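User: I would like to go through the labels used for this model and see what each one rests on. Please set every value against its cut-off.

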Amino acid sequence: MDARTPNKSPFHRTPAFPVLTLQLIVTLAVALVLWGFQGWIAGYSGLLGGLVALIPNSYFAFRVYRYSGARSARAIVGEFYSGEAGKLILTAVLFIAVWLGVKPLAVAAVFGGYLAVLAVGASALLIVKGFPKH
């Protein structure tokens, strides 16, 4: 018997949506600030670093919020583990793609963008606390 209940709520109603939205805003803001103060290479490097964090986080959120309800608890836990594994693999692949495929690259800007987006994710509980529940 399959006890998984697909989540019928649109993705923009999930608690992950405001966090991902803020991560996108931070990614763009970091890229613009770096571009303004350090030049074009630092700007796109910061953008790439932010995307290296944002894309796997989006994948993880999609996987975790696929199912809902108490009957889906086992499926949700399974999605949590497979989503986290996929997120780690995707992060590694994206970092490798950036390092090997983008020249010239400002390494500090890549890590700055990446860490800025991770900081938003780390403060997710503060962001989601006020998320509307309707």
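User: Where is the place of Arg63?

Analyst: Arg63 has its place in helix α2, helices being DSSP runs of H or I with at least four residues, numbered from the N terminus. The model is a predicted one, in which local features need pLDDT of at least 70, side-chain atom pairs count only at pLDDT 80 or more, and totals for chains, interfaces and linings use all residues. Residues are numbered from 1 along each chain as its sequence is written, and side-chain values use heavy atoms, with hydrogens and water left out.

User: Why is Arg63 called buried?

Analyst: The term buried applies under 20% relative accessible area, exposed applies over 50%, and partly exposed lies in between, with a 1.4 Å probe and protein chains only. Arg63 has a relative accessible area of 15%, and therefore it is called buried.

User: What joins the side chains of Arg63 and Ser82?

Analyst: A polar contact of 2.8 Å joins them; the term asks for a pair of N or O atoms within 3.5 Å, where within protein one must be able to donate a hydrogen and the other to accept it, and residues adjacent in sequence count only if both atoms are side-chain atoms. Not counting residues up to four places away in sequence, Arg63 touches Glu79, Ser82 and Gly83, contact meaning heavy atoms within 4.5 Å.

User: Which residues of α3 are buried, and what covers them?

Analyst: The buried residues of α3 are Ala75, Glu79, Gly83, Gly86, Thr91, Leu94, Phe95 and Val98, and their cover includes α2 and α4 (107–122).

User: How does the reach of helix α3 compare with the span expected at 1.5 Å a residue?

Analyst: Helix α3 (residues 73–101) has 29 residues and reaches 40 Å from its first C-alpha to its last, which is close to the expected 42 Å; that expected span is 1.5 Å times one less than the number of residues.

User: Is Ser45 buried or exposed?

Analyst: Ser45, in helix α2, has a relative accessible area of 0% and is therefore buried. A polar atom of its side chain lies 2.9 Å from the backbone nitrogen of Ala106, and Ser45 touches Leu105, Ala106, Ala109 and Val110, not counting residues up to four places away in sequence.

User: Why is Trp40 called exposed, and why is Leu24 called partly exposed?

Analyst: Trp40, which lies in helix α2, is called exposed because its relative accessible area is 58%. Leu24, in helix α1, is called partly exposed because its relative accessible area is 39%.

Terms used:
Helix = DSSP H or I, 4+ residues; strand = E, 2+ residues; numbered from the N terminus.
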